[in-house]
Amino acid sequence: PLVELPSAGLRITAPDRSCEVLHARLRAGEPAVVGRVEDGVLLLDLRTVGADEVADLAQALCALAEGPAAP
């Protein structure tokens with residue numbers, strides 16, 4: 001648990017949607033994308049994303065960006 005592993009991540013925010021709503025939409029997608037909510041932002045750790053999964057992740061993020069805003 002004390003070993004630090006190199007990684008990259010995405011910090012996702014939207015002025016018209018809460019990070020919890022964004023996270024719920026990603027988790028409900030196919031395939032599900034799981035991140036974590038911390039300090040009011042959605043964080044995605046890319047360490048576990050394989051090269052063969054990048055296109056699926058990009059598609060999920062595009063769908064998230066194009067989706068409706070929260071009421």
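Buried here means under 20% relative accessible area, exposed means over 50%, and partly exposed is in between, with a 1.4 Å probe and protein chains only.

A word on the source. This is a predicted model, where local features need pLDDT of at least 70, side-chain atom pairs count only at pLDDT 80 or more, and totals for chains, interfaces and linings use all residues. Residues are numbered from 1 along each chain as its sequence is written, and side-chain values use heavy atoms, with hydrogens and water left out.

Back to His23. It sits in helix 1. Leaving aside residues up to four places away in sequence, His23 touches Val34, Gly35, Arg36, Val37 and Leu42. A contact means heavy atoms within 4.5 Å.

Now the helix around it. Helix 1 has these buried residues: Cys19, Leu22, His23 and Leu26. Seen down the axis of helix 1, they fall within an arc of 95 degrees, so they line one face of the helix. That arc is taken from the directions from the helix axis to the C-beta atoms. What covers them? The cover includes strand 1 (9-12), strand 2 (36-38), strand 3 and helix 2.

Let's step back to the whole chain. It holds two helices and three strands. Along the sequence, the pattern reads β-α-β-β-α. Helices (H or I, at least four residues) and strands (E, at least two) are DSSP runs, numbered from the N terminus. The C-alpha trace spans about 45 × 30 × 15 Å along its principal axes. The chain has 71 residues, and 23% of them count as buried. Take the contacts between residues at least 6 apart in sequence: 58% of these join residues at least 24 apart. The accessible surface comes to about 5,200 Å², and 58% of that belongs to carbon and sulfur atoms. Those areas come from the Shrake-Rupley method with a 1.4 Å probe; for residues, only the protein chains shown count as cover.

Next, the pockets. Rolling a probe the size of a water molecule over the atoms shows where empty space is left. A pocket, on a 1 Å grid over the protein atoms alone, is an open set of points where a 1.4 Å probe fits, with protein on both sides within 12 Å along at least five of seven lines; lining residues have an atom within 4 Å of a point. Grid points are joined across faces, edges and corners, and a volume is the space filled by probe spheres set on the points.

The largest pocket holds about 250 Å³ of space. Strand 3 (41-45) and helix 2 (54-66) are the elements that give two or more residues to its lining. That lining includes Pro31, Leu44, Thr48 and Asp56. By class, it has eight nonpolar, one polar and three charged residues. Ala, Val, Leu, Ile, Met, Phe, Trp, Tyr, Cys and Pro count as nonpolar, Asp, Glu, Lys and Arg as charged, and the others, Gly among them, as polar.

Look at Thr48. It lies in the loop between strand 3 and helix 2. Buried or exposed? Thr48 is exposed, with a relative accessible area of 66%. Its C-alpha atom is 14 Å from that of Pro31, 17 residues away along the chain.

The second largest pocket holds about 200 Å³. Which element gives the most to its lining? Helix 2, with five residues. Helix 1 (19-28) also supplies at least two. Leu26, buried in helix 1, is one of the lining residues. Pro31 and Asp56 are also among them, and both line the largest pocket too.
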